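Please open the model in a viewer and keep the sequence at hand.

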Amino acid sequence: VQLVESGGGLVHAGDSLTLSCTASTVTFESYTMAWFRQVPGKVREFVAGMEWRDGDTKSVDSMNRRFTMSRDNDKKTVYLQMTSLKPEDTAGYYCTAAYWSRLSSQKYDYWGLGTQVTVSS
């Protein structure tokens, strides 16, 4: 399974951005999907996830009000809508997928190459 992220770029503080991640699998609806982000030299950080079974979503409290994750199974795509962006949101954003798994397992089968988001002050 290949995951391809897109939508990153350079924006100003306060702007909004929507990232996309498209999967190359016919069983996309059976994958729990998640977004992580990483700054060079730091640990990869969980941003948001969506369960495959019931669509239940989970996100980091500090980002909950600004970041929204959604999915379109017909398009085999998940989205991360980010609003009120801050310079500290600058990072590489990565999409990941876990087959028939729960977010609580924290185990993922596939990762994308990431898309860079840079927020200027």
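The stops that follow concern a predicted model and pass from a strand and its partners to aromatic side chains.

**First stop: strand E9.** Select residues 91-99, which make up strand E9. Eight of these nine residues are buried, so the strand is largely enclosed by the rest of the structure.

**Second stop: the partners of E9.** Next, display residues 115-120, strand E11; its pairing with E9 is antiparallel and comprises three bridges. Finally, select residues 110-111, strand E10, which is antiparallel to E9 and connected to it by two bridges. Thr-96 finds its bridge partner in Trp-111 of E10.

Show the side chain of Arg-44 together with two rings. Arg-44 lies over the face of Tyr-94, 4.1 Å from the ring centre, and also over the face of Trp-111, 4.6 Å from the ring centre.

Select Tyr-31, Trp-52, Tyr-99, Trp-100 and Tyr-110, which form one aromatic cluster. Across the whole structure, a search finds eight aromatic pairs. One of them is the stacked pair of Tyr-99 and Trp-100, with 6.4 Å from centre to centre and 25° between the planes. Are these two residues buried or exposed? Tyr-99 counts as partly exposed because its relative accessibility is 41%, whereas Trp-100 is exposed, at 56% relative accessible area.

Definitions and conventions: Residues numbered from 1 in each chain as written. Predicted model: local features only at pLDDT ≥ 70, side-chain atom pairs only at ≥ 80, totals over all residues. Heavy atoms only, no water. Phe/Tyr/Trp six-rings, centres within 6.5 Å; stacked < 30°, edge-to-face > 60°. Buried < 20%, exposed > 50% of the residue type's maximum accessible area, 1.4 Å probe, protein only. Lys NZ or Arg CZ within 6 Å of the ring centre and 35° of its normal. Helix = DSSP H or I, 4+ residues; strand = E, 2+ residues; numbered from the N terminus. Pairing = 2+ DSSP bridges.
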